[in-house]
Amino acid sequence: MGFDMKDNIVLIGFMGVGKTSLGKLLASKLGRPFVDLDEKIERDANMKIPEIFANHGEKYFRELESAAVREIASRRNIVIATGGGTVKDAENLRLLKECGFMVCLTTAPEEIFRRTERKGERPVLDGGGAERLETIKKLLAERQPFYSQADFEIDTTDWSPLQIVNEICDRFKLQR
């Protein structure tokens, strides 16, 4: 796969798969800026995502998300971590695919359940205990057609962060 250093690396996948932590590590290793889409939305809105959902609803959040995608898609040579549902929007998906290479991070639903246990931080998942696992499975199935459009996929369940970052670098033949 021909990778041009001016291209971005876009990390997609469900919440709790490690997009932010791995994105920071990858960006540091490559000497590139890191942009976390959710953090950008929070800065621009001057509100945490749970507050945006509570005060304005998911539709408004998705509008903010699309505006942020349009802005960061014009940048080059960065590592981007998206929100779990960012790629559900066709225009967001198109822009992110055009601006760089997409890597879908995955993990087992039970591991996502474990990693996302704290309430109040994941508005889409906040709710009853055992029902959360079913919600995760349902959302994963709904989002799979979008996630499958990535250039490649890495399962983060059993690999260390460094192993995952090295795999991404090897895949794109990037200097580490």
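A residue counts as buried when its relative accessible area is under 20%, as exposed when that area is over 50%, and as partly exposed in between, with a 1.4 Å probe and protein chains only. By that definition Thr156, with a relative accessible area of 4%, is buried. The model is predicted, so local features need pLDDT of at least 70 and side-chain atom pairs count only at pLDDT 80 or more, while totals for chains, interfaces and linings use all residues. Residues are numbered from 1 along each chain as its sequence is written, and side-chain values use heavy atoms, with hydrogens and water left out. Helices (H or I, at least four residues) and strands (E, at least two) are DSSP runs, numbered from the N terminus.

**The sheet**

- Five strands form an open sheet in the order β2-β3-β1-β4-β5, with parallel pairing, where two strands pair if DSSP finds at least two bridges between them.
- β2 (34-36) and β5 stand at the edges with a single partner strand each, so one side of each is left without a neighbour in the sheet.
- From one strand to the next the twist averages 20 degrees; axes are lines fitted to C-alpha atoms, for helices over the stretch in contact, and angles run from 0 to 180 degrees between N-to-C directions.

**Strand β1 and its partners**

- β1 is mostly covered, five of its five residues being buried: Asn8, Val10 and Ile12 lie on one side, and Ile9 and Leu11 on the other.
- Five bridges join β1 to β4, and the two strands run parallel; here Leu11 stands opposite Val103 in β4.
- Three bridges join β1 to β3, again in a parallel arrangement, and the bridge partner of Ile9 in β3 is Val79.

- Strand β4 (residues 100-106) runs parallel to β5 and is joined to β5 by four bridges; Val103 has Phe152 as its bridge partner, and Leu105 stands opposite Ile154.
- Thr156 is placed in the loop between β5 and α7 (161-172).
- Apart from its neighbours within four places in sequence, Thr156 is in contact (heavy atoms within 4.5 Å) with Val17, Leu22, Leu105, Thr106, Thr107, Arg115 and Ile164.

**Helices lying across the sheet**

- Helix α4 (residues 90-99) lies across β1 (8-12), β3 (79-81) and β4, and runs at about 115 degrees to β4.
- Helix α7 lies across β1, β4 and β5, and runs at about 160 degrees to β5.

- Two packed helices are described by the angle between their axes and the distance between the axes.
- Helix α2 (residues 37-45) and helix α3 (residues 49-72) pack at an angle of about 110 degrees, their axes being 9 Å apart. That makes α2 roughly perpendicular to α3, given that angles under 35 degrees count as roughly parallel, over 145 as roughly antiparallel, 65 to 115 as roughly perpendicular and the rest as oblique.
- α2 passes α3 in a right-handed crossing; a crossing is right-handed if the near helix is turned clockwise from the far one by less than a right angle, and left-handed if anticlockwise.
- The contact of α2 with α3 has 10 nonpolar, no polar and five charged residues, where Ala, Val, Leu, Ile, Met, Phe, Trp, Tyr, Cys and Pro count as nonpolar, Asp, Glu, Lys and Arg as charged, and the others, Gly among them, as polar.
- Helix α1 (residues 19-30) and α7 pack at an angle of about 55 degrees with their axes 10 Å apart, and are therefore oblique to each other; α1 passes α7 in a right-handed crossing.
- On the α1 side the contact involves Leu22, Leu25, Leu26, Lys29 and Leu30, which meet Pro161, Leu162, Ile164, Val165, Asn166, Ile168 and Cys169 in α7. These residues divide into 10 nonpolar, one polar and one charged.

**Positive phi values in loops**

- Most residues other than glycine have a negative phi.
- Asn46, in the loop between α2 and α3, has a positive phi near 55 degrees, and at 72% relative accessibility counts as exposed.
- Asn77, in the loop between α3 and β3, has a positive phi of about 65 degrees and is partly exposed, with a relative accessible area of 29%.
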